Amino acid sequence: MNHYNTFDNLNSVQAVLEMLAVQTEHTFSADKSRLVLKDSPSHRLVLYKGPSCFGATLCNSAPHSLCLLQGSLRIKQVTLEEKLINNGTASVFRACTKATVNDLNPGDSIQVDYLQAFDYQASKDAYWLALYDKDIVHTKSVKLCAVTLEPIITSLLYHNHARLFNFIEVLARSTCEKSFQALLVLSASHIDELAWRAIEGIYLRDRYKASQLVREYQISHCSEVVRNRAGALLPSLELMEA
């Protein structure tokens with residue numbers, strides 16, 4: 001991850017406060033625990049403050065670097081692995097290690113990867129920076145039980161991806177050519193659930209084109225899950241067309 005010298009330039013609470021003094025448009029979140037300092041298409045820099053306690057779940061996020069500025073911070077982490085299930089037509093995330101806890105002192109930094117679920121415990125006077133890598137490849141949000149490390153739910157990491165599900169439903173009900181072309185674009189998405197939902201939308205509008213895509217995607221789609229689903233569906237489509 002390219003840090004852009006962020007942690008070198010903002011290495012104390014005072015440095016952060018001085019920056020905020022000249023950038024008055026920044027405001028803390030509703031829960032008063034985080035403040036977005038910088039945002040770009042590729043990275044987001046966020047200031048967090050305590051206190052916080054370990055909760056009932058561990059969650060992953062976009063990969064990020066974390067640097068403690070002040071106070072004390074403990075981070076609980078567990079490594080995840082993604083496995084294909086149901087003959088490769090779906091995927092699931094599971095913990096593949098025991099949870100570990102690291103204690104950070106002011107000035108310490110740590111890297112948190114996408115395939116790591118984590119939680120924080122911070123002192124009341126704690127401030128820390130997190131620089132997130134907004135790589136579009138990372139799309140799944142995973143929540144585990146903090147005690148058993150069993151998966152609770154998997155969803156899409158970014159809200160704009162989740163909103164596309166509703167958008168696809170609108171496109172599927174539409175009758176104009178532009179909406180159909182939008183479905184075709186979404187059907188090629190590397191996000192398996194979005195791509196498959198778009199294929200279902202295409203099927204509602206043009207069964208012949210959907211069948212054509214299924215044949216094509218079982219070989220060439222960028223998502224292994226979509227390729228496997230297309231391969232599993234193809235025999236049923238061939239029977240319907242016979």
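Good morning, colleagues. On helix α6, the face that points away from the buried side carries two exposed residues, Y208 and I219. Here, buried means under 20% relative accessible area, exposed means over 50%, and partly exposed lies in between, with a 1.4 Å probe and protein chains only. Helices (H or I, at least four residues) and strands (E, at least two) are DSSP runs, numbered from the N terminus.

The model is predicted: local features need pLDDT of at least 70, side-chain atom pairs count only at pLDDT 80 or more, and totals for chains, interfaces and linings use all residues. Residues are numbered from 1 along each chain as its sequence is written, and side-chain values use heavy atoms, with hydrogens and water left out.

Let me stay with α6. Which residues of α6 are buried? They are A210, S211, L213, V214 and Y217. These residues lie on the same side of α6, because they cover an arc of only 160° around the axis; the arc is that of the directions from the helix axis to the C-beta atoms. In general, an α-helix has 3.6 residues a turn, so residues three or four places apart point the same way.

The length of α6 can also be checked. At the N-terminal end, D206 caps the helix, with a side-chain oxygen 3.1 Å from the backbone nitrogen of Y208. A polar contact is a pair of N or O atoms within 3.5 Å; within protein, one must be able to donate a hydrogen and the other to accept it, and residues adjacent in sequence count only if both atoms are side-chain atoms.

I turn now to the sheet. Five strands form an open sheet in the order β1-β2-β10-β4-β8, with antiparallel pairing. Strands β1 (34–39) and β8 (109–112) stand at the edges with a single partner strand each, so one side of each has no neighbour in the sheet. Neighbouring strands are turned by 20° against each other on average, direction ignored. For such angles, axes are lines fitted to C-alpha atoms, for helices over the stretch in contact, and angles run from 0 to 180 degrees between N-to-C directions. Two strands pair if DSSP finds at least two bridges between them; β1 and β2 (residues 43–49) run antiparallel and are joined by 5. Within β2, R44 is the bridge partner of D39.

Side chains of opposite charge can pair when their charged atoms come close. With a salt bridge defined as a side-chain nitrogen of Lys or Arg within 4 Å of a carboxyl oxygen of Asp or Glu, the count is 6. How far apart are the closest N and O atoms of K134 and D39? They are 2.8 Å apart. This pair links distant parts of the chain, with K134 in the loop between β10 (127–133) and β11 (140–145) and D39 in strand β1, 95 residues apart. Salt bridges link D39, R44 and K134 in a network.

Another salt bridge joins E193 and R229, the closest N and O atoms being 2.7 Å apart. E193 belongs to helix α5 (residues 192–205) and R229 to helix α7 (residues 224–241), 36 residues apart. R229 counts as buried at 15% relative accessibility, whereas E193 counts as partly exposed at 32%. Thank you.
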